[in-house]
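Look at the model shown here before reading on. The report below goes through a few of its parts in turn.

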Amino acid sequence: MNKPLAGIKIIDFTHVQAGPACTQLLAWFGADVIKVERPGSGDVTRTQLRDIPNVDALYFTMLNSNKRSLTLDTKQPEGKAVLEKMIKESDVMVENFGPGALDRMGFTWERIQELNPKMILASVKGFSDGHEYEDLKVYENVAQCAGGAASTTGWWKGDQSGPLVSSAALGDTNTGMHLAIGILTAYIGRQQTGKGQKVAVAMQDAVLNLCRVKMRDQLRLDKMGFLEEYPQYPHESFSDVVPRGGNAGGGGQPGWVLKCKGWETDPNAYIYFTIQGQAWAPICDALGKPEWKTDPLYMTPKARQPHITDIFATIENWLKDKTKFEAVNILRKFDIPCSPVFSMKELLHDKSLRASGSIVEVPHKERGSYWTVGSPIKFSDLKPVITGSPLLGEHTDEVLAELGYNKEQIAAMHASKAV
Ligand code: CAO
């Protein structure tokens, strides 16, 4: 099978989620990704939230498939020498250490360029270079607060009205995906110039990039003083900042999460229902309310907005004797954009996701096989084969031999705990 990134050598100096998500994606598509880990302990996620004693945690296995693992103490002279050799022979180095950690190890951008002017150095940090918070270490939810997601997510009144973080990894995996685009761009650029470059993505920036429509809303609010698609309009007042809008649609299509049959006992017996402008007539037909099509109080989005909650209540009434699946099966016939709210359990067992490779079963040497999330990107000529994540240091000797070290030298490195 064609593996478009075959031949690209990547030093994977990443840990936790943001960096590993990026390098895992590149490994799926054929890059040779060598994960460099601290001897004895490795990536902290190997031991975090373990479900089986003494076996790499799912947190690690689900973010490090298709890679090789090399243990290396890059603070010891022998370890540094190995990393220098690797830098000379690789195309890309990816890292997401705390600010300044790579410099303190002796691998400044200047030094890396000296070793290999073609090297692409790709970094994730919490905040961008020169930002007043550039010194901060950052985790997922911190980034969601820094990048505008938390201030615009959640409820605007009531007991639960504070900023809310999403369970989606907007700070971590999202930043890793941005970095993957940056790396491939720099790689194509290098084919034109012959030179490597530094690529950096700040988690704050990656979150902000996904909050583009909220920035749009801030600019509109500054100009108009209100936002007509938010649930606050027209009965409540707006301040000078974009409010949280609960489950309202983010664009011109009003929508809401609506209860279906069984919601009293099933926390996910809901659908997302979108009242898309051009779907209004079919929606009226589907709901058995054909008179709404010509009623001036319902005919246009503007006319509907003042009583949109009543409209959603009418739809909920229609939904109360239908499961989320039955409801969607009716609504799809009318071309109405909607979906069941799927639980993680339903997604894990979803036949379509398994058939498409979005949920895949992967073998692992110690835990047996397990299910994980496969590639969300589909190609006509590439179906990524997801392989198990490496055990800590599984490929240390193999990688050292490839770098030209002989058996005695490798044994000496083990003895000095450099690997
Ligand atoms: N050999 C020797 N030393 C190693 C090593 C190795 N193979 N790998 C790492 N280290 C050292 C680093 O050099 C660093 O040493 P110093 O601080 O003494 O210079 C040390 O380990 C700790 O690195 P760190 O600061 O990255 O780790 P942390 O656990 O304190 O912080 C995190 C973790 C994620 C907050 C921080 O790495 C960070 O802010 N990264 C950038 C943003 C990011 O990617 N966050 C998302 C992570 S996913 O939620």
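This is a predicted model: local features need pLDDT of at least 70, side-chain atom pairs count only at pLDDT 80 or more; totals for chains, interfaces and linings use all residues.

Six strands make up an open sheet, and their order is β3-β2-β1-β4-β5-β6. The pairing is parallel. As a general point, strands of a sheet pair through backbone hydrogen bonds, in either a parallel or an antiparallel way.

The edges of this sheet are β3 (68-71) and β6 (198-202). Each has a single partner strand, so one side of each is left without a neighbour in the sheet. On average, neighbouring strands are turned by 20° against each other, direction ignored.

Strand β4 covers residues 92-95 and strand β5 covers residues 120-125. The two pair in the parallel sense over four bridges. Val92 stands opposite Ile120 in β5.

## Ser90

Ser90 is part of the loop between α3 (77-89) and β4. Is Ser90 buried or exposed? Its relative accessibility is 10%, and buried means under 20%, so Ser90 counts as buried.

The side chain of Ser90 reaches the backbone oxygen of Met86 at 2.7 Å. Beyond its neighbours within four places in sequence, Ser90 is in contact with Lys9, Ile11, Asn116 and Met119.

## Leu348

Leu348 belongs to helix α14, which spans residues 344-348. Its relative accessibility is 32%, so Leu348 counts as partly exposed.

Not counting residues up to four places away in sequence, Leu348 touches Arg354, Ile359 and Trp371. Ala6 is 342 residues from Leu348 in sequence, and their C-alpha atoms are 30 Å apart in space.

Definitions and conventions
Residues are numbered from 1 along each chain as its sequence is written. Side-chain values use heavy atoms; hydrogens and water are left out. Buried means under 20% relative accessible area, exposed over 50%, partly exposed in between (1.4 Å probe, protein chains only). Contact means heavy atoms within 4.5 Å. Two strands pair if DSSP finds at least two bridges between them. Axes are lines fitted to C-alpha atoms, for helices over the stretch in contact, and angles run from 0 to 180 degrees between N-to-C directions. A polar contact is a pair of N or O atoms within 3.5 Å; within protein, one must be able to donate a hydrogen and the other to accept it, and residues adjacent in sequence count only if both atoms are side-chain atoms.
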